[in-house]
Amino acid sequence: MLAPRTMFEKIWARHVVAEGPGGHVLLYIDRHLLHEGTTAAFNRLARSGRRVRRPDLSFATADHYLLTSPGSPTSDAETRGMVEALGRHTAEQGILYFGVGDPRRGIVHVIGPEQGLTVPGLTLVCGDSHTATHGAFGALAFGIGSSEVEHVLATQTLWQKKPQTMRISVEGRLAPGVNAKDVILAIISRIGAGGGVRHAIEYAGSAIRAMSMDERMTVCNMSIEAGARAGMIAPDETTFTYLQGRPLAPSGDAWQKALAHWKALPTEPGAVFDREVALAASEIAPTVTWGTSPQDALPITARVPDPAAVADAGRRESMARALAYMGLDPGTALTDVVVNRVFIGSCTNSRLDDLRAAARVVRGRRAVVPAWIVPGSGLIKRAAEVEGLDRIFRDAGFEWREAGCSMCVGMNGETAATGERVASTSNRNFEGRQGKGARTHLMSPAMAAAAAVTGRLTDVRTLGPA
Amino acid sequence: MEPFTRLTAVGLPIDLPNVDTDRVIPARFLRKDRSVPEYASFLFHDVRFNADGSERPEFILNQAPYRIARIVVAAENFGCGSSREAAVWVLAANGFRSVIASSLGDIFHQNCFKNGVLPVILPAEAVAGLRRQLHERPGATLTVDLEAQTVTAPDGAPHRFEVDAFRKEMLLTGRDEIGLTLGFDARILEFEARHAREMAWAVPPRAGT
């Protein structure tokens, strides 16, 4: 009898083309997502006289370098060149491109699922570290570098060494005001920014199963902030309901066959993971980061920690450095920290559920600092407008912008100023991430909305009725 | 790709854990082609230079003995964060051919292999010992020998490291990985035929262009 297998193991085994030395396998790739940062890989491919092996499995969009202000796609000739190059390469190779002016255009990790390209049981890669987002559907999805992008374009495969497996179980019910972002920040703070290195994570437990697909994507998205290239969640009725009828999802007879396959994917009882971690959902509070690593996260009710209280000298030094960069004093209540700007968006938190959560907080209030809403895709923007969310944000003084990565990474020039403190729904609070000298606090859309209307880090649970 | 066999060079100790690739090369430089003459200056740019472009003397790479360093000796989780391969390109542009750490960001780790840069994982105590020696004797050299899988510390102590047989061979020969894989074309075709039978739904409908 076969030993019980994990979902990861099943997907991995299905995609092995050949065994190589040293435990490496040649792994087949079902989906390759591309963005305008991929230009260098296309150029190298062209120089070597090679072609894209499977243009029908490759899909492209522009997100990193486009401006999100209406009317002006790029800020300068350099970035315009990158976007144009992507259009040219995809046209030459016959790759479907959701480009400038296409309402389906958006953040690559938002539109893959939205179009039904991301489905359970597949391998999916993209030249972007947040590719684990797609694992929310029970796919094996991971970020790759530029050389690996070129390798996939040319061969539709990658040489990979099998990672170890880790299951993170979150059991119980989340308290009101607590959501997926708080869960993943709590997980990262528990296992550390390097805790998932060389692991594929499976998120499990009743709190995860109770989440919508948008929420599950938020959790899987930040696997890389815990060091893991891949994070995944077993597909279930929530997954199937989300996917059915999406433009590029299987349909008709193919849907039925796919469904049968997907239902057999979840990890079997008794399957063994290399590492198990358990969290109680009831113990997770609205969470914010105070430092310059995503692991520097605490409940909003806490105070800025004191490096002097830490025994390990290396840790003490890096904490002190983080606090100096962040301009924070130990012992300050997090709710006393004043913010200068709010960013709601990114592949972590720019989907409809996120915008709704923010709008519920904003309705009837006013932003007291500059605050941006950057929807994840043109279609999400449109759907939000149909629901009237844009009016709620505009009436509150928020900027309602076009889809893109924007201030999460600032590659398009949309950055915060030196010393500015940003309440952000993005995924990284690294030094300089949102602009040279910019100070980032990561949090959920509801918490970022609360910060926008108070001008401070705020426990959304204490806001009361508007 | 330039092969990696054996390198004796000055080591650059970086004590900070979780050095992310945004720090190694800030996002605003990613639009720049690797051929631009100032490319090497993007490495650690925002902690290495002041706003007026002058060097920060306290940053270790700006100190005389370390200017010729070619081996990074880091702490845990170096190269975490973004998948940007430019983090490796910009290290290579500054002459670095090896990164020693107790752990590395997974994507950075892979990207090193693709660019003739040898990533070496050693136990945390061993790496801390190497950094200590490099601080005590600025400009001290290490030897990284891929064939023998050893790092020789400034004090002469050898540290054996593990490396995958596959990656080792690729680095030693400098072989083109895509060329190698294209040699598996028959196997890939065979896989695709089986995949199309067993998981026909895995190919998306020809999209509405």
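In chain A of this predicted model, three strands form an open sheet in the order S1-S2-S8, paired antiparallel. Strand S1 (16-19) and strand S8 (157-161) of chain A are at the edges; each has a single partner strand, so one side of each has no neighbour in the sheet. Direction ignored, neighbouring strands of this sheet are turned by 30 degrees against each other on average. Strand S2 of chain A covers residues 24-28 and runs antiparallel to S8(A), to which five bridges join it. Within this part of the sheet, His24(A) is opposite Lys161(A) of S8(A). In general, the strands of a sheet pair through backbone hydrogen bonds, in either a parallel or an antiparallel manner.

Helix H8 of chain B, residues 185-198, lies across S1, S2 and S8 of chain A and runs at about 145 degrees to S1(A). Counted over the whole of both chains, 50 residues of chain B are in contact with 61 residues of chain A. On the side of chain B that touches chain A, the elements that give two or more residues are H1, H4, helix H6 (165-173), helix H7 (177-182) and H8 of chain B. That side of chain B divides by class into 22 nonpolar, 12 polar and 16 charged residues.

Chain B has eight helices and seven strands in its secondary structure. Along the principal axes, its C-alpha atoms fill a box of roughly 65 × 45 × 30 Å. Of the 209 residues in chain B, 41% are buried. Among contacts in chain B with a separation of 6 or more, 68% are between residues 24 or more positions apart.

Helix H3 of chain B, residues 86-93, is mostly covered, with seven of its eight residues buried. The buried residues of H3(B) are Ala86(B), Ala87(B), Val88(B), Trp89(B), Val90(B), Leu91(B) and Ala92(B). They pack against three elements of chain B: helix H1 (21-24), strand S2 (71-73) and helix H4 (106-113). Both H1 and H4 of chain B also give two or more residues to the side that touches chain A. After H3(B) comes Gly95(B), with a positive phi near 90 degrees.

Back in chain A, the domain assignment gives domain 1 (7-276) and domain 2 (286-462). The C-alpha centres of these two domains of chain A lie 24 Å apart. Their contact takes 41 residues from domain 1 of chain A and 43 residues from domain 2 of chain A. On the side of domain 1 that touches domain 2, at least two residues each are supplied by H4, helix H6 (180-191) and helix H8 (213-221) of chain A. H6(A) gives the largest share of that side, six residues. By class, this side of domain 1 of chain A has 16 nonpolar, 16 polar and nine charged residues.

Helix H13 of chain A covers residues 378-387, and its buried residues are Gly378(A), Leu379(A), Ile380(A), Lys381(A) and Ala384(A). These residues pack against helix H4 (108-114), helix H12 (352-362) and helix H14 (389-395) of chain A. Just after H13(A), Gly388(A) has a positive phi of about 85 degrees.

Methods:
Residues numbered from 1 in each chain as written. Chains lettered and ligands numbered in written order. Predicted model: local features only at pLDDT ≥ 70, side-chain atom pairs only at ≥ 80, totals over all residues. Buried ≥ 20, exposed ≤ 12 C-beta atoms within 10 Å, placed from the backbone. Helix = DSSP H or I, 4+ residues; strand = E, 2+ residues; numbered from the N terminus. Contact = placed C-beta atoms within 7 Å. Pairing = 2+ DSSP bridges. Axes fitted to C-alpha atoms, helices over the stretch in contact; angles between N-to-C directions. Nonpolar A, V, L, I, M, F, W, Y, C, P; charged D, E, K, R; others polar. Domains from an automatic or database assignment.
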